[in-house]
Amino acid sequence: MRNTLAATAASIVAFITSSTAMAGKDLDAIKARGALNCGVGIGTAGFMLADSQGKWRGLSVDVCRAVAAAIFGDAEKVKYAPLTSQQRFTAVQSGEVDIVMGNATWTLTRDTALGLDFTGVYYYDGQSFLVPKTLGVKSARELGGATVCVAPGTTTELNLADYFRANKMTFKPVVIEKVDEIRAAFFAGRCDVYTTDASSLAATRAANVPPPRTFDDFVILPEIISKEPLGPVVRHGDSQFADIVRWALYAMVEAEEHGITSKNVDEMLKSDNPAIKRILGVTPGMGKALGIDERWVYNIVKQVGNYGESFDRNVGKDSPLKIDRGLNRLWSQGGLQYSPPFR
Amino acid sequence: MAVEALGSAPRTKVAPWNDPTVRGWVFQVVVVGLVGLLAWYLVDNTITNLERQKIASGFHYLGREAGFEIGDTMVEYSPASTYARAIYVGMLNTLKVSVLGIIMATFLGTLLGIGRLSNNWLLSKICEWYVEAFRNVPLLLWLFLFYKLISEAFPGPRQAISAFWGTVFLSNRGVYFPVPLADAVFKWMGVALLVAIAGAWALHRWARRRQDATGQPFPSIIAGTGLIVGLPVLVWLLGGAPHHMSWPALKGFNFDGGSVIQPEFTALLFGLVLYTSAFVAEIVRSGILALHKGQTEAAAALGLTRGQSMRLVLLPQALRVIVPPMTSQYLNITKNSSLAIAIGYPDLVASINVTINQTGQAIENVLIIMAAYLSVSLSISAFMNWYNKRIALRER
Ligand SMILES: N[C@@H](CCC(=O)N[C@@H](CS)C(=O)NCC(=O)O)C(=O)O
């Protein structure tokens with residue numbers, strides 16, 4: 001295990017010594033390196049998980065792949081760095097990684113005082129509670145006096161304290177840094193409850209329950225106690241790079257809205273629809289405005305897929321998680337996923 | 001000194017650039033100047049970087065509401081407390097585990113070190129295996145192992161193992177035990193305890209002097225122990241012997257009432273003590289082995305038992321060899337306690353890390369943690385140096 005404090009210290013040293021001549025040149029550094037450094041979590045099924053070959057997969061991972069496809073025309077040009085909730089922000093502040101896709105919630109403080117920029121929302125989430133069925137609890141209101149497992153340095157930790165304070169209940173936190181150690185402590189019964197984003201609870205319930213117990217021995221309580229808009233994080237200072245990250249995600253959403261998929265994108269190149277021609281760079285302009293190849297959206301959709309494809313494959317109906325799209329439906333279908341126009 | 005001696009030789013003939021004193025000064029000024037420039041450059045660069053990325057700076061955040069809960073606190077704390085308070089709570093937890101760890105590792109390590117020198121083959125082998133096992137596996141693995149053992153091996157709170165006629169409960173939430181309800185008398189018992197300790201120490205010194213002068217022994221250890229136990233008990237009796245207790249009882253999900261030692265603390269303390277005592281054992285053993293064999297033989301010739309010769313002749317002399325390396329073991333315990341975060345014990349590093357994440361002010365927080373560990377380390381070193389001087393060989 002990497003010692004967090006040592007990592008923080010290393011980040012600070014990098015920060016203290018990094019030359020100011022680099023200001024606003026994150027994109028140049030990425031291009032020169034030939035790969036995007038993407039910080040991800042330790043391992044959460046459907047969002048960010050390395051398979052047995054060490055290949056990272058998941059909805060969050062797909063956003064990094066989309067950015068690499070936009071910049072290099074190749075979604076594989078990504079180097080992944082697994083980070084804990086404690087390490088992720090110092091890692092991006094110091095330039096150790098270019099982008100963090102660690103299911104980080106967009107908050108005012110993080111966007112300002114931490115020197116970070118959130119470029120959008122790839123998953124509208126909310127915090128909930130996972131409990132064993134044997135606990136016999138039906139509502140979060142019944143959790144007074146419970147022992148709660150939670151990750152440090154998260155919005156989760158703060159919402160938890162807020163929620164119990166607001167409802168005049170007490171709790172005992174057990175705060176462990178690595179997400180797999182938290183899950184182990186929860187499944188061993190050290191805590192009555194595990195709390196984090198509902199998406200991550202669904203992943204834990206689907207993929208991490210140690211046998212002989214199964215999925216069915218645990219329930220996610222109905223209360224959603226917070227708003228957790230999860231977004232890509234870059235460091236403040238290079239707005240061109242931030243724009244590319246922002247629009248790479250929008251491109252996935254816009255492609256879905258126009259029915260462009262990884263399967264039909266080649267035919268779509270021949271489309272007469274002026275909007276689709278602009279999106280796919282048949283009518284040039286968008287790529288130039290961002291300072292990248294005109295075929296950037298084509299590359300993203302061809303190699304990564306549109307937002308709906310990525311959602312269904314990783315966390316939705318075609319995955320073991322079977323998460324309902326809910327708030328993450330397109331705006332045209334009653335959800336919140338909405339891309340500003342491509343023009 | 002050599003430089004001055006040279007300088008006092010006829011210096012009129014030496015050109016300034018050949019004068020070692022002048023040259024020494026020039027070099028020092030240049031080095032200090034360069035270090036100063038480098039520091040100035042780094043500070044300036046940091047400030048520029050902070051501003052460019054619009055990262056907040058300064059120590060104002062310390063007074064803001066922390067907003068997170070801490071699971072194991074020695075003083076009053078709630079999410080409404082400040083960041084400064086949260087850091088203080090973490091600091092106290094670090095001190096608690098370090099001080100207990102140092103005391104317990106010293107005892108256990110000394111016993112193991114002496115055990116390895118025992119004539120009893122089995123005892124000495126067991127001690128040797130212990131030392132080898134604990135020294136050669138990284139502490140972090142021991143911590144994970146102990147933590148897993150506690151959380152997997154013990155039942156949940158509803159099936160807690162009860163001991164001592166249902167007054168103590170063991171579960172994966174920790175050990176719950178009854179504690180006396182707060183009473184004003186306890187403060188005076190604390191005062192009595194301090195007075196008794198001072199009294200016992202004075203008694204011990206007096207007994208030593210008398211024995212040195214007259215050769216008459218006095219059982220000062222027994223008398224002192226009696227004083228330390230007796231005086232607080234006397235105060236308790238005089239204070240009306242308050243005996244209302246807070247008993248642990250299952251309520252909802254967890255035990256309520258009494259007091260608890262949590263698994264995270266237990267695992268960390270066990271890990272630190274068992275690991276460090278292996279090193280302490282080696283230090284003690286080599287300290288004793290460093291003594292001339294004649295010491296043992298002379299002690300035996302005087303008719304001292306093995307125990308007496310160990311306690312009165314060998315250990316006091318071995319201490320001179322033992323104390324200096326012991327200092328670094330004590331420093332190690334304090335520093336290693338920061339592995340707490342891996343198993344969720346809320347120590348100083350845990351508080352600081354959360355604060356860094358919630359405020360983004362890494363540099364300020366790392367300065368605080370450096371200052372904290374530095375003061376603890378310097379205090380330990382200062383104490384050990386003082387003790388080392390005290391026991392140093394006095395030539396008569
Ligand atoms: N959204 C919350 C919590 C997100 C978070 O960091 N959760 C962690 C630990 S529960 C996580 O999901 N890590 C994923 C992983 O490490 O695989 C936040 O941004 O503070």
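Buried means under 20% relative accessible area, exposed means over 50%, and partly exposed is in between (1.4 Å probe, protein chains only). I'm looking at a predicted model, where local features need pLDDT of at least 70, side-chain atom pairs count only at pLDDT 80 or more, and totals for chains, interfaces and linings use all residues. I number residues from 1 along each chain, letter chains from A, and go by heavy atoms for side-chain values, leaving out hydrogens and water.

**Entry 1: rings**

I started with Phe, Tyr and Trp (its six-membered ring), whose rings pair if their centres lie within 6.5 Å; planes under 30 degrees apart are stacked, over 60 edge-to-face, the rest tilted. I got 31 aromatic pairs over all chains. Take B:Tyr61 and B:Tyr83: their centres are 6.2 Å apart and their planes at 65 degrees, so I noted the pair as edge-to-face. B:Tyr61 sits in the loop between helix 2 (20-52) and helix 3 (83-116) of chain B, and B:Tyr83 in helix 3, so this pair ties together parts 22 residues apart in sequence. Helices are DSSP runs (H or I, at least four residues), numbered from the N terminus. Buried or exposed, B:Tyr61 and B:Tyr83? Both are buried.

I also found a cluster linked by ring pairs: B:Tyr130, B:Phe134, B:Trp142, B:Phe146 and B:Phe270.

**Entry 2: helix positions**

Next I looked up B:Leu37, which lies in helix 2 of chain B. B:Leu37 is exposed, with a relative accessible area of 53%. B:Arg390 belongs to helix 13 (residues 362-391) of chain B, and I noted B:Arg390 as partly exposed, at 43% relative accessible area.

Conventions. Helices (H or I, at least four residues) and strands (E, at least two) are DSSP runs, numbered from the N terminus.
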